[in-house]
Amino acid sequence: MTNLPIAQQRQLMTPFGPAVGASYEWQGGQYCAIHTTNGVVGCGIYDLNCANEFGMAFAIAKGTPEHPLRQPEDLLEAKIVGVSTKASEFGIKIGMSGLDALEKLMVRGS
């Protein structure tokens, strides 16, 4: 019998209001994201070139093989390593925490 990937989506209560957290895990890999009305804070699997092409606000955090980003909450303390053009318009910058990026998307974007 083949084990299916684990896919979870749930509402997260953040200091800035509700968002949707998602995580996906399978043998040998995983990724996660926090989705807001204005954009996404996600792990390094996302392609910023594609986000730019479609004008989407994406802030990317990156885990390591030793400390992968598995759950959406892991993104809050992770450092942002890449931003789409639209995300930079919200004031999101490389080096800030995922929580700070989430605030920019949820508070400044409203």
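The model is predicted: local features need pLDDT of at least 70, side-chain atom pairs count only at pLDDT 80 or more, and totals for chains, interfaces and linings use all residues. Residues are numbered from 1 along each chain as its sequence is written, and side-chain values use heavy atoms, with hydrogens and water left out.

Start with the sheet. Its 6 strands form an open sheet in the order β1-β2-β3-β4-β5-β6, with mixed pairing. β1 and β6 (80–83) stand at the edges with a single partner strand each, so one side of each has no neighbour in the sheet. From one strand to the next, the twist averages 20°. Helix α4 (residues 98–108) packs on the sheet and touches β1, β2, β3, β4 (40–42), β5 (58–61) and β6. The direction of α4 makes about 165° with that of β4. Here helices (H or I, at least four residues) and strands (E, at least two) are DSSP runs, numbered from the N terminus. Strands pair if DSSP finds at least two bridges between them. Axes are lines fitted to C-alpha atoms, for helices over the stretch in contact, and angles run from 0 to 180 degrees between N-to-C directions. Contact means heavy atoms within 4.5 Å.

Now follow the strands. β1 (residues 6–14) and β2 (residues 17–26) pair in the antiparallel sense over 9 bridges. A hairpin of 2 residues joins them. β2 also runs antiparallel to β3 (residues 29–35), through 7 bridges. S23 of β2 stands opposite Q8. S23 also stands opposite C32 in β3. I6 lies in β1 and touches S23, Y24 and E25, leaving aside residues up to four places away in sequence.

Next, the rings. The whole structure holds 4 aromatic pairs. One of them, Y31 with Y46, is edge-to-face, at 6.1 Å centre to centre and 85° between the planes. Y31 lies in β3 and Y46 in the loop between β4 and α1 (48–53), so the pair ties together parts 15 residues apart in sequence. Rings of Phe, Tyr and Trp (its six-membered ring) pair if their centres lie within 6.5 Å; planes under 30 degrees apart count as stacked, over 60 as edge-to-face and the rest as tilted.

Last, the pocket. Q30, C43, G44, I45, K62, G63, T64, P68 and L69 line the largest pocket.

Conventions
On a 1 Å grid over the protein atoms alone, a cavity is a set of points where a 1.4 Å probe fits but cannot get out, and a pocket is an open set with protein on both sides within 12 Å along at least five of seven lines; lining residues have an atom within 4 Å of a point.
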